[in-house]
Amino acid sequence: MRRDVFQAIADPTRRAILLLIATQAMTPNALAEHFDSTRQAVSKHIKILTECQLVKQEQTGREIFYHLNPKKMKEVADWLEPFRQLWEARFNQLDNVLKTLKSKKS
Amino acid sequence: MSTTKTQLIAEEGKHDYSIIREFAAPTELVFAAFTEPALLAQWFMPQHLNLQVNKMDCQTGGAYHLTYQGPDSNRFGFRGIYHEVVENNYIIKTSEFEGLPQKLDPILEKTVFEDIGAGKCKVTIHTICPSVTYRDNMIAAGMEPTLTSTHSQLDKLLITLINKTVK
């Protein structure tokens, strides 16, 4: 199943996972220790991040380590963000127009 | 509270994208802001670009033509036809970008207004482009130096992550 990268990073747990593995590669167990949710729940988040190629896994001996895929992260930030911000700026202006309209109405 | 209110969904290898945003105003007001020329002119472009509404007949079969000041005193614009307008519900229109040396095919845009209760309205703009390349170029053109960027929480997070990992 194709995953949308922006939906993937919209989730707070997944953002926390990205932050954790940004500093150092981590095993599934080490990662799970940082969250109150079950290991299965954390694995599900990692699976989504892996499908989006934001996270890569590497086998070292008997352990699996999760790494951040900086290329993909950069792609997300660089490529779509300016266009999104264009709309954000546009809609922030619209918020002000609506505020004025509402105050005129009441 | 997060400052990232606008969601952009643009999947890799597809020729469409969606923009989703909630507004703290009733649907009638949001619809009016999209369809009344004097209101649209107040928000659709940054003020210094001097957006002009040359024509805007927002009803099924009507036409519109907007122009604005681009970099190096070039004028750019959009024109198209309102294929279908259903008040406080949705707008389907074509949009052709003007001002480039080459002629572009128009895009098809459906804007849906949804009452989500508590005096709020959710707007979803679904845009369909003639090809994947066209869409990708259009999104990349969002980098034009005409808009002030605001850094949201997530942008900062991403930048921190990139700085940490890309040497």
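The model described here is a predicted one.

## The two chains

Chain A contains 5 helices and 2 strands, and when its elements are read from the N terminus on they follow the order α-α-α-α-β-β-α. Chain B holds 4 helices and 8 strands, which along the sequence give the pattern β-β-α-α-β-β-β-β-β-β-α-α. In chain A, 44% of the 106 residues count as buried, while in chain B the share is 43% of 167 residues. If one takes the contacts in chain A with a separation of 6 or more, residues 24 or more positions apart account for 53% of them; in chain B, among contacts between residues at least 6 apart in sequence, 39% join residues at least 24 apart.

## Helices and a hairpin in chain A

How do helix H2 (residues 12-23) and helix H4 (residues 39-51) of chain A cross? Their axes come within 10 Å and cross at roughly 75°, and because angles from 65 to 115 degrees count as roughly perpendicular, H2(A) and H4(A) are described as roughly perpendicular to each other. On the side of H2(A), the residues that meet the other helix are A:Thr13, A:Arg14, A:Ile17 and A:Leu18, and their counterparts in H4(A) are A:Val42, A:His45, A:Ile46, A:Ile48 and A:Leu49. Sorted by class, this contact has 6 nonpolar, 2 polar and 1 charged residues.

Further along chain A, strand E1 (residues 55-60) and strand E2 (residues 63-68) run antiparallel and are joined by 6 bridges, with A:Val55 having A:Leu68 in E2(A) as its bridge partner. The two strands form a hairpin with 2 residues between them, and A:Gly61 in the turn has a positive phi of about 65°.

## The sheet of chain B

Strands of a sheet pair through backbone hydrogen bonds, either parallel or antiparallel. In chain B, 8 strands form an open sheet in the order E1-E2-E8-E7-E6-E5-E4-E3, and the pairing is antiparallel. Strand E1 (7-9) and strand E3 (52-56) stand at the edges of this sheet with a single partner strand each, so one side of each is left without a neighbour in the sheet. From one strand to the next, the twist averages 20°. Within the sheet, strand E4 (residues 63-69) and strand E5 (residues 75-86) of chain B pair in the antiparallel sense over 7 bridges, and B:Gln69 has B:Arg75 in E5(B) as its bridge partner.

Helix H1 (residues 27-35) of chain B packs on this sheet, where it touches strands including E2 (16-23), E6 (90-98) and E7 (107-115), and its direction makes about 155° with that of E7(B). H1(B) is mostly covered, since 8 of its 9 residues are buried, among them B:Val30, B:Phe31 and B:Phe34. Helix H3 (residues 132-140) of chain B lies across E2 and E7 of chain B and runs at about 45° to E2(B).

## Nonpolar cores

The largest nonpolar core has 46 residues, and those with the most contacts inside it are A:Phe91, A:Leu94, A:Leu98, B:Val30, B:Phe34 and B:Trp43. Helix H5 (residues 70-105) of chain A gives the most to this core, with 9 residues. Leaving aside its neighbours within four places in sequence, A:Phe91 is in contact with residues of chain B including B:Ile19, B:Phe23, B:Phe34, B:Trp43 and B:Ile125. A second, separate core of 20 residues includes A:Val5, A:Ile46, A:Leu49 and A:Leu54.

## Individual residues

B:Asn50 is found in the loop between helix H2 (37-43) and E3 of chain B.

Is B:Thr133, with a relative accessible area of 52%, buried or exposed? Exposed means over 50% relative accessible area, so B:Thr133 is exposed. B:Thr133 lies in helix H3 of chain B, and although B:Thr133 and B:Lys14 are 119 residues apart in sequence, they are 9.1 Å apart in space, C-alpha to C-alpha.

Key:
Residues are numbered from 1 along each chain as its sequence is written. Chains are lettered from A and ligands numbered from 1 in the order in which they are written. This is a predicted model: local features need pLDDT of at least 70, side-chain atom pairs count only at pLDDT 80 or more; totals for chains, interfaces and linings use all residues. Side-chain values use heavy atoms; hydrogens and water are left out. Axes are lines fitted to C-alpha atoms, for helices over the stretch in contact, and angles run from 0 to 180 degrees between N-to-C directions. Angles under 35 degrees count as roughly parallel, over 145 as roughly antiparallel, 65 to 115 as roughly perpendicular and the rest as oblique. Contact means heavy atoms within 4.5 Å. Ala, Val, Leu, Ile, Met, Phe, Trp, Tyr, Cys and Pro count as nonpolar, Asp, Glu, Lys and Arg as charged, and the others, Gly among them, as polar. Two strands pair if DSSP finds at least two bridges between them. A nonpolar core is a set of buried Ala, Val, Leu, Ile, Met, Phe, Trp, Tyr and Cys residues joined through side-chain atoms within 4.5 Å. Buried means under 20% relative accessible area, exposed over 50%, partly exposed in between (1.4 Å probe, protein chains only).
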